[in-house]
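Let's take a friendly tour of the aromatic rings in this one.

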Amino acid sequence: MKKLFFTLAMAFGAVLFVNAQKYALVDMEYILGKIPAYERAIEQINQLSEKWEAEVDALSSKAESLYKQYQSQAVFLSEEQKASKENEIMEVEKSASELKRQYFGADGELYKKRESLLSPILDEIYQAVKAISEQAGYYMVIDRASAQSVIFASPKADISNTVLQKLGYSN
């Protein structure tokens, strides 16, 4: 009997503790879509990406063109000339690969540019969410846009518009 009473008391206490915690949701996609600086940053990143992709494609096309030219002339070339042409083709391919890595690699120029343009915006949003959470007493704020495990959430728990107001943007 004591075990049953103790188990029920523990379960009741856990339910009260869980209910006492406050949670909120934000929709980062919604918030970011309302911030003009974010839209400008994304546009700038896309333009740079397209420009750099064109540079890489131009080098790749040059390598492909050199290879086709080599194939059509291979029967007329000496072994020394073949080796020279093959080296030239490999150097252009290597340059294209290196340029691609420099621009689009894990620590490439695109990553650095994205980081420099978006970090201040994301930091500002984080600070607003943190201030609202501390003021309202939220223990956790979940991003509705990326939290795939959230099956249902009441719109009452969504503080996205409050975050936008805190940032100075109207909803």
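Q: Which residues do ring pairs link into a cluster?
A: This is a predicted model, and the count of aromatic pairs in it comes to two. Ring pairs join three residues into a cluster: Trp52, Tyr103 and Phe104.

Q: Are the rings of Trp52 and Tyr103 stacked or edge-to-face?
A: The ring centres of Trp52 and Tyr103 are 4.5 Å apart, with the planes at 5°. Planes under 30 degrees apart meet the cut-off, so the Trp52 and Tyr103 pair is stacked.

Q: How many residues apart in sequence are the parts that this pair ties together?
A: Trp52 belongs to helix H3 (residues 36-73), while Tyr103 belongs to helix H4 (residues 79-104). The pair therefore ties together parts whose separation in sequence is 51 residues.

Q: What kind of pair do Tyr103 and Phe104 form?
A: Here the centres of the Tyr103 and Phe104 rings lie 6.3 Å apart and the planes stand at 80°. An angle over 60 degrees is what the class requires, so this pair is edge-to-face.

Q: Is Phe104 buried, exposed or partly exposed?
A: Trp52 has 9% relative accessibility and counts as buried. Tyr103, at 10%, counts as buried too. Phe104 has 29% relative accessibility, so it counts as partly exposed.

Q: Which residue lies over the face of Tyr138?
A: Let's turn to a charge over a ring. At 5.3 Å from the ring centre of Tyr138, the residue lying over its face is Lys22.

Key
Residues are numbered from 1 along each chain as its sequence is written. This is a predicted model: local features need pLDDT of at least 70, side-chain atom pairs count only at pLDDT 80 or more; totals for chains, interfaces and linings use all residues. Side-chain values use heavy atoms; hydrogens and water are left out. Rings of Phe, Tyr and Trp (its six-membered ring) pair if their centres lie within 6.5 Å; planes under 30 degrees apart count as stacked, over 60 as edge-to-face and the rest as tilted. Helices (H or I, at least four residues) and strands (E, at least two) are DSSP runs, numbered from the N terminus. Buried means under 20% relative accessible area, exposed over 50%, partly exposed in between (1.4 Å probe, protein chains only). A charge sits over a ring if NZ of Lys or CZ of Arg is within 6 Å of the ring centre and within 35 degrees of the ring normal.
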